[in-house]
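Visitor: Please take me through one part of this model in close detail. I would like to look at the aromatic side chains and what surrounds them.

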Amino acid sequence: MSKSIYVGNLPWSATEEQVRELFAPYGTVLSVKLISDRETNRPRGFGFVEMEDASALSAIEALDSKEFGGRTLHINEARPKAPRPRY
């Protein structure tokens, strides 16, 4: 099984490769997805990393509140996206 990890307060200059390298010492990184604004295509400062369960927990514990690119990261287990109301 794998876990999705929320990675917040990323520097806007961060790349998927840099985030992958940050998490790699804790286990196999299955995927990295940095979120961009739909209209401007500029980074929004957060993303998601998918790792195997045990690796994910140790990465969250080790990296939450650490500095990366001059910013303090906010890292926790990602929650499922809440459904949007339809109008």
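Guide: A residue counts as partly exposed when its relative accessible area falls between the buried limit, under 20%, and the exposed limit, over 50%. Phe48 has 28% relative accessibility, so Phe48 is partly exposed. Tyr6, at 27%, is partly exposed because that value lies in this range. Keep in mind that this is a predicted model.

Now the rings. A pair of aromatic rings is described by the distance of the centres and the angle of the planes. The structure holds 3 aromatic pairs. Take Tyr6 and Phe46: the ring centres are 5.9 Å apart and the planes meet at 35 degrees, so this pair is tilted. It joins distant parts of the chain, with Tyr6 in strand E1 (residues 2–8) and Phe46 in strand E3 (residues 43–52), 40 residues apart. Phe46 also pairs with Phe48. Their centres lie 6.1 Å apart and their planes stand at 85 degrees, so the geometry is edge-to-face. Together, Tyr6, Phe46 and Phe48 make up one aromatic cluster.

Another ring has a charged neighbour. Arg71 sits over the face of Trp12, 4.5 Å from the ring centre.

Next, the nonpolar core. The largest one has 18 residues, and Ile5, Val7, Phe23, Val49, Met51 and Ile75 have the most contacts inside it. E1, helix H1 (16–23), strand E2 (29–36), E3 and helix H2 (53–63) each give two or more residues to this core. H2 supplies the largest share, 4 residues. Finish at Met51. Leaving aside residues up to four places away in sequence, Met51 touches several residues, among them Ile5, Phe23, Tyr26, Val29, Leu30, Ala56 and Ala59.

Conventions
Residues are numbered from 1 along each chain as its sequence is written. This is a predicted model: local features need pLDDT of at least 70, side-chain atom pairs count only at pLDDT 80 or more; totals for chains, interfaces and linings use all residues. Side-chain values use heavy atoms; hydrogens and water are left out. Rings of Phe, Tyr and Trp (its six-membered ring) pair if their centres lie within 6.5 Å; planes under 30 degrees apart count as stacked, over 60 as edge-to-face and the rest as tilted. Buried means under 20% relative accessible area, exposed over 50%, partly exposed in between (1.4 Å probe, protein chains only). A charge sits over a ring if NZ of Lys or CZ of Arg is within 6 Å of the ring centre and within 35 degrees of the ring normal. A nonpolar core is a set of buried Ala, Val, Leu, Ile, Met, Phe, Trp, Tyr and Cys residues joined through side-chain atoms within 4.5 Å. Contact means heavy atoms within 4.5 Å.
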